[in-house]
Amino acid sequence: MSEPLKSKLTGMLDVVYPDLDSGFLAEKLLKTMHLAPNQEPPPAHQNNWDESDVVLITYADTIRRADEKPLVTLHEFLTDCLADTVSAVHILPFFPFSSDDGFSVMDYLAVNESHGNWEDIERIAGDFKLMADLVINHMSARSRWFENFRKRVDPGKDYFFEASLTDDLSAVVRPRTSPLLNPVMTEDGERYVWCTFSEDQVDLNFANPQVLVEFVAIIRRYLEHGVIMFRLDAVAFLWKEPGTPSIHLQQTHELIKILRLLIEHHSPQAVVITETNVPNRENLTYLGNANEAHVIYNFSLPPLLIHTLITGNCRHLKTWLMSMPPAQMGTTYLNFIASHDGVGLRPTDGLLSGEEKQGLINTMESFGGKVSYRRTEDGRDQPYEMNIALYDALKGTVKGGADHWQLSRFICAHTVMLALEGIPAFYIHSLLATENDYERAEHTGRLRSINRGQWNLDVIESELANPLSHHSKAFKELKRLIAIRRRQPAFHPNATQFTLHLGLQVFGFWRQSMRRDQSIFCIHNISDEVQQIALSDINLIGTDEWVDLISGLRLDDLSGAITLKPYQSVWLSNRE
């Protein structure tokens, strides 16, 4: 009997583990995933998404209510307020953890008791596509595996990456300023473990194939609990080798291919998403040849869009958009402009000058933001990300400071994101227009906590019911825009996109449906001044009838012009 799946898997494993019996390891992985060696492959280049897909990003306990498990409260908020708005929910790590708001996982197979249980997770998965984090690069120093590492017993003895103080680590790319190696006393004496992010987050050793087997078992369990979208956290750092940058290594890319192969053979509708907060060209490599990630985070979008709106100049955003390759069928981008992390600055490398980056940083600090740093090869500390709530990030401009256009600017940013090629994702604090949480940042001592606040469900429901509240105004308008977006074939994540040239204060692009029966011209005034655009510059087809999907305005005279108020957007479509 032909065994094409096993054969393909064996070939991939040969690249990662050339000195092992890859056939035996392939059999073990297939058994762990409950797959047959001759399992039928999923359809090639299949899009497991369409224009109706919108993702919400939230912690399990962002929405709370007294005397109720947060996952129960979250489910109520989702079904009552967002059932017709989002199709998928990314619940950030909901496992027992020791630090970093969940990203120092102690037990991958348990739900944090303070949040709820697996039944609560499954209820949410029954109503929405569920995305979960596979925190695959590192694990808590307080986990059972790491305790076993200290005791030198299995499972865990060889699960964590070790190095020596004499190793050449000068080229290692760092996202933090903390020490890379940390001494740990074990039953065999002192050992130095590799910690990319913090002393409490010890990097796993995928050179030990048993670690891969463990994670395949974890993935299968998540699938059984209803997880259908997998976010591979910090995956760029997965494979380490002293003497190299230890980022984006070939083995890392091959391991992603292996995980995708197993996941999509188990569940053809599943989606693998890579989280790689790196410069744009490096980020794009994680799509592979449509055989690695199904989806990659569009990390350059948040800083570039914020820069555009606070400067009133879209030159860099337009240059970036023109350089972006259309994603192959079966792959796409995850568009976001805020998340639980800060606004990354590395994705602007090669896109913004040093002076422009510093101007962006200075403006964010003037709006109450903070800056986190990373350590470079030469030992210098360099700005890594800006920590600020998106609503506050858009409260003014570089030249004028805070102004009265904050809400309009905020809505404009999301209108751009909703129309771009890819799947839009909303961080819950952006959907609610939450402001900087200085108290939480001071309480935790972590800058990222400024945008990781918590809401009492009764309080947020009261705010959303108050028509004068900026939370209510933002929430209602964003829901309205999302509803419009979800009905347009030209907004399919893989529909055609071309950049328009309408000057530096107007950002525009054209989308066309895959059947070529709908065109939408997405035009945004990204400045605080009124802009007038001649319709002849947009090249609208004269035989079609055109309407702005946002305002309902119909264009009767295509030889005329449209006037855009500061931060106003139009979606000009030839069908409703």
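Guide: Let's go through it piece by piece, starting with a caution: this is a predicted model.

Visitor: Okay. Which strands make up the closed barrel?

Guide: The closed barrel has 8 strands, in the order β1-β3-β4-β10-β11-β12-β13-β19, and the pairing is parallel. On average, neighbouring strands of this sheet are turned by 25 degrees against each other, ignoring direction.

Visitor: How many bridges join β1 to β3?

Guide: There are 4 bridges between β1 (residues 55-58) and β3 (residues 88-91), and the two strands run parallel. In this pair, T58 sits opposite I91 of β3.

Visitor: What else does I91 touch?

Guide: Skipping neighbours within four places in sequence, I91 has contacts that include T58, Y59, A60, L71 and L74. Further along the chain, I121, I124, L130, M131, A132 and D133 are also among its contacts.

Visitor: And which residues have the most contacts inside the largest nonpolar core?

Guide: Those are I91, Y108, F206, F215 and W571, in a core of 174 residues. Helix α6 (residues 209-224) gives the most to this core, with 9 residues. There's also a second, separate core of 16 residues, and L500, I523, L555 and L572 are among its members.

Visitor: Why do cores like that turn up?

Guide: In soluble globular proteins, nonpolar side chains tend to be buried together.

Visitor: Switching topic: is β23 mostly buried or exposed?

Guide: Buried: 7 of the 7 residues of β23 (residues 519-525) are, so the strand is largely enclosed by the rest of the structure.

Visitor: What does β23 pair with?

Guide: One partner is β22 (residues 506-512), which runs antiparallel to β23 and is joined to it by 7 bridges. R511 has I520 of β23 as its bridge partner. Another partner is β28 (residues 569-573), antiparallel to β23 over 5 bridges. There, I520 stands opposite S573 of β28.

Visitor: What's in the turn between β22 and β23?

Guide: The two strands form a hairpin with 6 residues between them, and R516 in the turn has a positive phi of about 65 degrees.

Visitor: Helices now. Which residues of α16 are buried?

Guide: In α16 (residues 457-465), they are L457, I460 and L464. Looking down the axis of α16, these buried residues fall within an arc of 70 degrees, so they line one face of the helix. They pack against β2 (63-64), α3 (70-81), β20 (455-456) and α17 (470-485).

Visitor: And how do α9 and α10 pack?

Guide: α9 (residues 301-311) and α10 (residues 315-323) pack at an angle of about 145 degrees, with axes 8 Å apart. L301, L304, L305, H307 and T308 of α9 meet H316, L317 and W320 of α10. By class, that contact has 5 nonpolar residues, 3 polar ones and no charged ones.

Visitor: Last one: where is W405?

Guide: W405 is in the loop between β18 (401-402) and α13 (406-419). At 22% relative accessibility, W405 counts as partly exposed, because the buried class stops under 20%. Apart from residues up to four places away in sequence, W405 touches D528, P566 and Y567.

Visitor: How far apart are W405 and R176?

Guide: They are 229 residues apart in sequence, and 35 Å apart in space from C-alpha to C-alpha.

Conventions:
Residues numbered from 1 in each chain as written. Predicted model: local features only at pLDDT ≥ 70, side-chain atom pairs only at ≥ 80, totals over all residues. Heavy atoms only, no water. Axes fitted to C-alpha atoms, helices over the stretch in contact; angles between N-to-C directions. Contact = heavy atoms within 4.5 Å. Nonpolar A, V, L, I, M, F, W, Y, C, P; charged D, E, K, R; others polar. Core = buried A, V, L, I, M, F, W, Y, C linked by side-chain atoms within 4.5 Å. Buried < 20%, exposed > 50% of the residue type's maximum accessible area, 1.4 Å probe, protein only. Pairing = 2+ DSSP bridges. Arc of directions from axis to C-beta.
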